[in-house]
Amino acid sequence: MLRRCGWMAGAVLAVVAFAAPAAVAQTGQRYALLVEGASGDEPHAELQRKQINLLVSRFRDDYKLDANHLIVLTSAPQPGEGKATAVEVKAALAKLTAAVQPLDTLFVLLLGHGSWDGTDAKFNLVGPDLTSDDWGGLLKNTAGKLVFVNTTAASAPFVKSLAGPNRIVITATNTPAQKFDTVFADAFVQALGASTADLDKDQRISMWEAFAYATRLVRQTYEQRGPNVMSTETAVLDDDGDGTPRQATGDGKDGTLASLTFMDAVVASRPADPELQQMVQRQEQLVLEVDALKKKKAQMGADDYRQAWETLIIELATVSHEVRARIK
Amino acid sequence: MKHSGGLRKLWSVTALIGVALAAAVAAPHGQAAQAPVPLARAVRTALGHGNLDEAKRLVQQSRDAGPKKTVAGALVAIYEGKLDEARAALAPLATDDDAVLELGLLELGRGRTAEGEALLRRIIDSQSDLDTDGFLRLARAADALGEINLANSVFQRIGSADTDRADVQSGWGDLFDKTHAAAEAARSYQDALKADPAWIPALLGAARALDDDEPAAAAAMLAKAQELAPKSPDVWLLTAERQLAQQDFAAATASLDKVRAVRSHSIDELALRAAATYATGTPRDAEPMIAEAAALNPGNPAVYRALGNQASQLYRFDDAVTFARGAVKTAPGMAGPHSDLGTYLLRTGGETEARTELETSFKLDPYDTIVFNLLQMLDVLEKFQVIEDGPFIFKMSQASAPVLANYAIPLAREAYAEYVKRYGFTPKGPILIEIFDDHDSFAVRTAGLPGLIGALGACFGHVIAMDSPKAAVNDTFSWQGTLWHEIAHVFTLQASDYRVPRWLTEGLSQYEEHRKSAPWGRELTMQYAAMMARGETFALKRLSESFKNPSRIAMAYFEASLLAEHLEDIGGTAALRSLLASYAAGAKDPEAFSKAFGKGVPEIEASFRAFTAERYGALATALKPPAPDVADGDLAALKARAAAQPGNYISQMSYGNAALEARDNDEAVKAFTRAAALAPPAGGEDGPFALLANLAIQRGDKAEAARLLRHMLDYGHDDLAAARTLVNLSTELNNAPYIDFSLLRVADLDPFDADIHSQLGRRELAANRPDRALLEFKAALALGPSNLADAHTDLGEAYLKKGQKDDAKREAFAALEQAPTFARAQDLLLAAIGRTSGGGAR
């Protein structure tokens, strides 16, 4: 009863100007469909409501998504939400895929229950369900980048159905046989706003960082349930389009696109103070030089690399410190 | 190599070996069944029933004046230990197979190996056209010559055909027993008893085979044997063995006298007598028995082995090693002495030599599961990190050491200093402490076999083995409490020259835990109070025996710790020292108590009763079973009973749970609150505090939930779930004392949680305790934290606070390698290289 009282809340990341010069700016529009499916019973309904509320708050309040770009479908709709039925899902995706342009990003996340009947993996909606292939078909004509996250049990087949170029597909399980309730949903929702998920400290959480952090939280949850409790879920990610996903801690070709994909908003305004402008430009230049140096590491002697790297890092730290002092 | 029930099957496909078996395919079984029972077998049967008089009568009344009668007479003589007489009778009978076999066995038993082997080899080589008795001779000869596969093949053949022959089934059981296949042995003995329920060797064999897994059944077998054959020396040998294990040395000696009355010159009897003599005296006292046994057979190590076993049971492992060395010297070609020596050396810390001995043993006897397991365990141990620190040598896994060592070593140092002061004694070292990440390795290290469920640590005097927090089998436990407990044993065992009674050494260790941390060692308060309510506590008289009863042992620990506390209350630390010194000098409880307290055992019993009544009397009263019985679902009746009995915990909890079920949370809260007031130590997720905390969370009263959890953790120190929940709640409430308390508790119970160490470190740093912060941050980094950049920066900030700028710079660079734009790490770097005056940007 007192075994777990939810994840420890991490601080929500502030979206700060200037502080993330190395972040890749996303130039297109951002769209999201958040679906909280059939809950089944009261405890699941409560949990799913909590999760969808948190998620909506994240996209609406923290990520500042345009209200017209965010569609929320739930099992028990509240104002501003639609019913999580197949009909509503189809209508929402028709609207979104029509709107999404090549430089845009569409984020789709499924919360609730999933099932596998030996042939089809389904996400459980209110009324008739949609199979993984149905979802694949509905999203087939997405022109921009697609981030598709299925946090439910038996979600693995969604990778094959959704994988493709310019697509990031994340599922809570790596086989349809993993049919037990997952904790990945809770973990992923938390990861999108946990400061500790920000591995490169660029003040933003990429899809890769969210996936990796959620994976870690899942592992910790099972460990904390006791020494004899075996994890019943293994989350995977595919972003090279080949439908062969990888785990966060395993080997695999995937991860690059996810590392460069963010759903938050970057305030890209420039300071009015010309001196500060110069400092920021120098800061950005140094970040690029650090990145360039890293790429040359293999061709350099260890001592030479280290010396050059330390020199750059000290200068970057100095300039960044001055920028921060000025902004204060 | 592990033995299991599959051995019988495995062996059944072993090819039959030797000319004898090839010749035996003629299947003479039917012939034997129709023939009159041969005299030798009739005599063996009488002896197998423990009926020496009947055996003698059969010999005397036999009209056969030839070799058969001589052999039968020799069998009786062997049974009575008149070995020279038997040898003289058998020696001339070179053509009688029974005579050759018995003489061969006799010669081996007297150490005349070459003669014995030659005779037994004749049995194997010259057999043809065998009946069941012939096969049995063949099997016994093969067994004696160490040809285990041949012996088993023969038993496999006659064992499945001659199901009515108790001697065959029992002999097969002996072979399984010899090869450490206890389950298979027990099955064969049961088969023997089906054929002949009075077959004493089978009853005794079953008693041995079942002793570990089914002690009650084993005891019943022995009791049955005693009833059927009250004069059998074999029955009294096993009885004495059991009495020695129970440390009832006077009874064991009396049993051995009964053996000697029937059977003289028995090395087995001498071995056990030596063990009983040593247990109540010194190693020198056993020397006459060693000499007497050596005169009978200079190559028989039984006396040394029994002495070693007894010394080991008495925790005198140095003596055990000495005796085992004697056994190895006596019989270097036998596996048992080597495995004994290896096992005892493991308990004195001589692991290198132990491995050599165990490997030698395993070469000689590849069937020994325990030796196999110990060698496997040593393989694990070999990869451990070794850390020498003062009087200690720690061994722990490479994975755990970077974290565990930082906590275990200071705690061990603290315990050592505390105990040196308290007991006025410096123990012999070094003290080897091995901490295993998997429970089965700990179990094998301790007992040779996996399992040992319920045990967390073991102390052999100056060797300690224990579970790491990773090894928890069912639930979390305080590994620190375990370490504190085991180090106390080092002192009490050594200070008493290993003669302290178990109730006292365990009681003191448990009590020392409680002294160090109030909830440690007092986890079973509720259960003990309930025992008091039922009038089932042990008191000193029954405490020792309760340690031997698995169903009572947990409560025996608890009561022993209370008794230890009471003893210190009435006599101070000086009295505890006096007790240990008295036991070291060989005193028993009455004498030791009289010297330490100036009081007799009955007076102390009386004051102890008053002590427990004062401490737990009210709780015991609250835990009395309520009357009348009320059905769980009868809410109205439960309510009425709870109202009528406001001081009864069970009534309040029953009603509270029923109200909860009926969704009447207000009533549930009232009832649980009353229960909580009656039983403050009531922990667990079904206890009133946890239920009240849940209800408080449901109604949004997080402060109340936190208060309740904090209370629970005062008693249930190992409730990791409650501690984690309190971390979350107190963080939400920003309740600093609760945050500090709960973080520490989680880190104590689960030191492998990186994020908890990071949080703790930050709090320590904020409180300007950089040394403690360093400890926590290092632990976090060693464990692989969620965010490496954060972890390196944390550590760097702690270094900076301590003025270790180079270390701070190194950590800042490490953080910036992960995240070059990380502001806090940048500020740390600048401070470390003197470009700014401050630390990090947190």
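**At what angle do the axes of helix 43 and helix 45 of chain B cross?** In this predicted model, helix 43 (residues 788–802) and helix 45 (residues 823–832) of chain B cross at roughly 30 degrees, with their axes coming within 10 Å. Axes here are lines fitted to C-alpha atoms, for helices over the stretch in contact, with angles running from 0 to 180 degrees between N-to-C directions. Helices (H or I, at least four residues) and strands (E, at least two) are DSSP runs counted from the N terminus. Helix 43 and helix 45 of chain B are therefore roughly parallel (under 35 degrees; over 145 is roughly antiparallel, 65 to 115 roughly perpendicular, the rest oblique). Helix 43 of chain B supplies B:Asp790, B:Thr793, B:Asp794, B:Gly796, B:Glu797 and B:Leu800 to the contact, and helix 45 of chain B brings B:Arg824, B:Ala825, B:Leu828, B:Ala831 and B:Ala832 (contact means heavy atoms within 4.5 Å).

**Helix 35 and helix 36 of chain B, roughly antiparallel.** Helix 35 (residues 649–661) and helix 36 (residues 665–678) of chain B pack at about 155 degrees, axes 8 Å apart. Among the residues that meet here are B:Tyr649, B:Met653 and B:Leu660 from helix 35 of chain B, and B:Ala668, B:Phe672 and B:Leu678 from helix 36 of chain B.

**An open sheet of seven strands in chain A.** Go across chain A's sheet and the order reads 3-2-1-4-8-9-10, with mixed pairing. Strand 3 (82–83) and strand 10 (236–238) of chain A are the edges, each pairing on one side only; two strands pair if DSSP finds at least two bridges between them. Strand 8 (residues 145–150) and strand 9 (residues 167–171) of chain A run in the parallel sense over five bridges, and A:Val149 has A:Ile170 in strand 9 of chain A as its bridge partner. Helix 5 (residues 184–191) of chain A lies across strand 4 (105–111), strand 8 and strand 9 of chain A, at about 145 degrees to strand 4 of chain A.

**Where chain B meets chain A.** Here 42 residues of chain B touch 35 residues of chain A. The two chains bury about 3,400 Å² between them, 55% of it on carbon and sulfur atoms; buried area is the accessible area (1.4 Å probe) that two parts lose on being put together, summed over both. On chain B, B:Ser786, B:Phe813 and B:Thr821 lose the most area to chain A, together 16% of what that side buries.

**Notes.** Residues are numbered from 1 along each chain as its sequence is written, while chains are lettered from A and ligands numbered from 1 in the order written. Local features need pLDDT of at least 70 and side-chain atom pairs pLDDT 80 or more, totals for chains, interfaces and linings use all residues, and side-chain values use heavy atoms, leaving out hydrogens and water.
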